[in-house]
Amino acid sequence: MAKKNEAEIQQTPPAGFNIGTFFDETKEELAKVVWPSRQQLISESLGVLLMVTLAATFIYLVDNLFAWVALQVFR
């Protein structure tokens, strides 16, 4: 059986789960987040809403086209 090298041994997670450590590490990670400004948030949210509206409208129109074609074919 092959021996584990030193790097593999150091990368193994500790046994068990510590809720305090989890919250400390979560707080550290959230401190690294670059939060958007209010203007960025508003403009990107409007962009998403616009794209969703356009996609839904396109799907609606294609669905109606196929329904009309089906009526013409199967009448």
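**Entry 1**

I looked up K32 and found it exposed, with a relative accessible area of 58%. I use exposed for over 50%, buried for under 20% and partly exposed for what lies in between, with a 1.4 Å probe and protein chains only. The model is a predicted one: local features need pLDDT of at least 70, side-chain atom pairs count only at pLDDT 80 or more, and totals for chains, interfaces and linings use all residues. Numbering starts from 1 along each chain as its sequence is written, and side-chain values use heavy atoms, with hydrogens and water left out.

Which residue does the side chain of K32 meet in a salt bridge? I found E29, at 3.3 Å from N to O. The rule asks for a side-chain nitrogen of Lys or Arg within 4 Å of a carboxyl oxygen of Asp or Glu. Side chains of opposite charge can pair when their charged atoms come close. K32 and E29 are three residues apart in helix α2 (residues 19-32), so about one helical turn separates them. E29 is partly exposed, at 47% relative accessible area. I noted one salt bridge in the structure.

**Entry 2: helices and confidence**

I counted three helices and zero strands, in the order α-α-α along the sequence. These are DSSP runs numbered from the N terminus: H or I of at least four residues for helices, E of at least two for strands.

The mean pLDDT of the protein is 88, and 81% of the residues score at least 70. pLDDT is the predictor's confidence in each residue, from 0 to 100.

**Entry 3: aromatic rings**

I paired rings of Phe, Tyr and Trp (its six-membered ring) if their centres lie within 6.5 Å; planes under 30 degrees apart are stacked, over 60 edge-to-face, and the rest tilted. The count is two aromatic pairs. F17 and F22 make a tilted pair, 5.7 Å centre to centre with 50 degrees between the planes. F22 and F23 make an edge-to-face pair, at 5.5 Å and 65 degrees. F17, F22 and F23 form one aromatic cluster. F17 is exposed at 64% relative accessible area, whereas F22 is partly exposed at 39%.

**Entry 4: surface**

How much of the protein counts as buried? I found 0% of the 75 residues. The protein exposes about 7,600 Å², with 67% supplied by carbon and sulfur atoms. Accessible areas come from the Shrake-Rupley method with a 1.4 Å probe, and for residues only the protein chains shown count as cover.

I found a nonpolar surface patch of about 700 Å² made by L65, F66, W68, V69, V73 and F74. Patches take residues with over 30% relative accessible area and no salt bridge, joining like charges within 9 Å and nonpolar side chains (Val, Leu, Ile, Met, Phe, Trp, Tyr) within 5 Å. W68 lies in helix α3 (residues 38-73) and is exposed at 51%.
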